[in-house]
Amino acid sequence: MRYEGDIYRPPGEWKSYLLQCTVGCSNNTCTFCSMYKSKRYHVRPLEDVLEDIRMAEGTWYKNTETVFLCDGDAINLPMDYILAVLKALYKAFPRLRRVTTYAGPLSTLRKSPEELKAIRDAGLNRAYLGVETGDDALLKHVHKGVGADGMLEAGQRLVAAGFDLWAIIITGLEGGGRDALERNAALTAQMINAMKPKHLSSMTLMAIEGTPLYDEVERGELTLQTPFETLLETRELVRQIELSGLHYTSNHASNYLPIKCTLKEDRDRVVSELDEIIRKEDPSVLRPDIYRGL
């Protein structure tokens, strides 16, 4: 397939056919993210994308069941464009059962509820929303493009339109210190409880060279959490989730400890296990830094 630049996708989309509709991210201002900094955002010509689909139709991709629309935010595409792509995908791949994409909060809010429902009805099933945190000031500090109210509304719009919403958060954005992590965990849990996604994943903040956040760390303006502070924040988040049937994972490469469970059904067990690990502070149970990466 034809791609421009590096391609990123959520861990769960490793089996998916990756179809690049946009190049880069429509926001691309987040201080912690390095993924699209080398790209100038633009929409690929529709005919090129449709040609890619025709090319894939004639290969082993013909039996594909899942497609992920790249790059950073296919929700930002014009309505006629995205509907044409979805129509072509379902025509080309008879076994196709799911089409997914990252969803930016700003681009989601630019679409009307009716437009979002039309996109969902056309077969875009799942949206991955980078919620990051429930802290309004922190969202603005990392230049997410919206505050807490906007982030919550974006998620709720996607849920109301029928999307299988997968929220993604980052532990450690607020830096080290128990008071800060407990506040962030409480605000983020509050956000997730109100948004009601079906899936929730947490990543651990990593200061990546070349990002503004990395520069903050280098200047001493942000202190990264210790591994056990990160686990404590995860523990506080899990403890305060009130949703039932929420698929929760903390098994991204950046995480120190893989977790996969259902909340709040498994909440007491996970909290108890984290309490024991935090109490012992045994580094041998953690993923070594050499194996952590993005």
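What volume does the second largest cavity have? The second largest cavity has a volume of about 40 Å³. This is a predicted model, in which local features need pLDDT of at least 70, side-chain atom pairs count only at pLDDT 80 or more, and totals for chains, interfaces and linings use all residues. Residues are numbered from 1 along each chain as its sequence is written, and side-chain values use heavy atoms, with hydrogens and water left out.

**Terms for spaces**

- On a 1 Å grid over the protein atoms alone, a cavity is a set of points where a 1.4 Å probe fits but cannot get out.
- A pocket is an open set with protein on both sides within 12 Å along at least five of seven lines. Lining residues have an atom within 4 Å of a point.
- Grid points are joined across faces, edges and corners, and a volume is the space filled by probe spheres set on the points.

**Largest pocket**

- The largest pocket holds about 1100 Å³ of space. It is lined by 47 residues, and the closest to its centre are Cys33, Met35, Tyr102, Ile168 and Met203.
- Elements supplying at least two lining residues each include strand S5 (98-103), helix H3 (105-110) and strand S7 (164-171). Strand S8 (199-204) is also one of them. Helices (H or I, at least four residues) and strands (E, at least two) are DSSP runs, numbered from the N terminus.
- By class, the lining has 23 nonpolar, 18 polar and six charged residues. Ala, Val, Leu, Ile, Met, Phe, Trp, Tyr, Cys and Pro count as nonpolar, Asp, Glu, Lys and Arg as charged, and the others, Gly among them, as polar.

**Second largest pocket**

- About 210 Å³ of space lies in the second largest pocket.
- Helix H1 (46-57) and helix H2 (79-92) each supply at least two residues of its lining. H2 gives the most, with five residues.
- Among the lining residues are Leu50, Arg54, Glu57, Lys87 and Lys91. The lining has five nonpolar, no polar and four charged residues.

**Cavities**

- The whole structure has two cavities of 30 Å³ or more.
- The largest cavity's lining has four nonpolar, seven polar and no charged residues.
- Glu132, Thr171, Asn184 and Glu233 are among the residues that line the second largest cavity. S7, helix H7 (178-195) and H9 each supply at least two residues there.
- The second largest cavity's lining has four nonpolar, three polar and two charged residues.

**Nonpolar cores**

- The largest nonpolar core has 66 residues. A nonpolar core is a set of buried Ala, Val, Leu, Ile, Met, Phe, Trp, Tyr and Cys residues joined through side-chain atoms within 4.5 Å. Buried means under 20% relative accessible area (1.4 Å probe, protein chains only).
- Leu19, Val85, Leu200 and Ile241 are among the residues with the most contacts inside this core. H2 provides the largest share, seven residues.
- A second, separate core of ten residues includes Leu138, Val142, Leu173 and Leu213.
- Leaving aside neighbours within four places in sequence, Ile241 is in contact (heavy atoms within 4.5 Å) with residues including Ala189, Leu200, Leu246 and Arg267.

**Strands S7 and S8**

- Five of the six residues of S8 are buried.
- S7 and S8 run parallel, joined by six bridges. Two strands pair if DSSP finds at least two bridges between them.
- Ala167 stands opposite Leu200 in S8.

How values were computed: Buried < 20%, exposed > 50% of the residue type's maximum accessible area, 1.4 Å probe, protein only.
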